[in-house]
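Thanks for coming, everyone. I have one structure to walk through today. Let me put it on the screen.

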Amino acid sequence: MVSTADIEAFCGTLPRNSSAGLLLFENIWAIKFKESLLDADAQLVDMGRISPELIAKAEKELKA
C-alpha cells in the first residue's frame, strides 16, 4: 500500500524540525460484508469513505 519510496518522497516535503504520522488500517468487517452482498448477486456501484467532519455536520443538521 505504502512503499519506502512513498514515505521518502513525503518526508522530503516536510520542513525541518517537524514530524508526521501515518495510519493505515483495514476494516475487515467491511470486506466480509461486501463479499456477502456480492455472493447474493448484489452489484457494487461505488466505494468510498465518509469523513468524520461530514458525519458531524450531517448530525448537526438533523438535530436542527
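First, a term. Exposed means over 50% relative accessible area, buried means under 20%, and partly exposed is in between. Keep in mind that this is a predicted model.

Let's start with the backbone. N17 has a positive phi of about 60°, although N17 is not a glycine. Where does N17 sit? Look in the loop between helix 1 and helix 2, the latter being 28-39. Is N17 buried or exposed? Its relative accessible area is 85%, so N17 counts as exposed.

Now D41. Here too we have a residue other than glycine with a positive phi, near 70°. D41 belongs to the loop between helix 2 and helix 3, and helix 3 is 52-63. D41 has a relative accessible area of 71%, so D41 is exposed.

V2, I7, L22 and L24 make a nonpolar patch of about 380 Å². Take V2 from that group. V2 lies in the segment before helix 1, which is 4-11. Its relative accessibility is 38%, so V2 counts as partly exposed.

Last, the pockets. The largest pocket has a volume of about 500 Å³. How many residues line the largest pocket? The number is 13, and N27, A30, I31, M47 and G48 lie nearest the centre. By class, that lining splits into 7 nonpolar, 4 charged and 2 polar residues.

To recap: positive phi at N17 and at D41, a nonpolar patch that includes V2, and a largest pocket of about 500 Å³. I'll take questions now.

How values were computed:
Residues numbered from 1 in each chain as written. Predicted model: local features only at pLDDT ≥ 70, side-chain atom pairs only at ≥ 80, totals over all residues. Heavy atoms only, no water. Patch = residues over 30% accessible without salt bridge, like charges linked within 9 Å, V, L, I, M, F, W, Y side chains within 5 Å. Areas by Shrake-Rupley, 256 points an atom, 1.4 Å probe, with all protein chains shown as cover. Salt bridge = Lys/Arg side-chain N within 4 Å of Asp/Glu carboxyl O. Helix = DSSP H or I, 4+ residues; strand = E, 2+ residues; numbered from the N terminus. Buried < 20%, exposed > 50% of the residue type's maximum accessible area, 1.4 Å probe, protein only. 1 Å grid on protein atoms, 1.4 Å probe; cavity = no way out; pocket = protein on both sides within 12 Å on 5 of 7 lines; lining within 4 Å. Points joined across faces, edges and corners; volume = space filled by probe spheres on them. Nonpolar A, V, L, I, M, F, W, Y, C, P; charged D, E, K, R; others polar.
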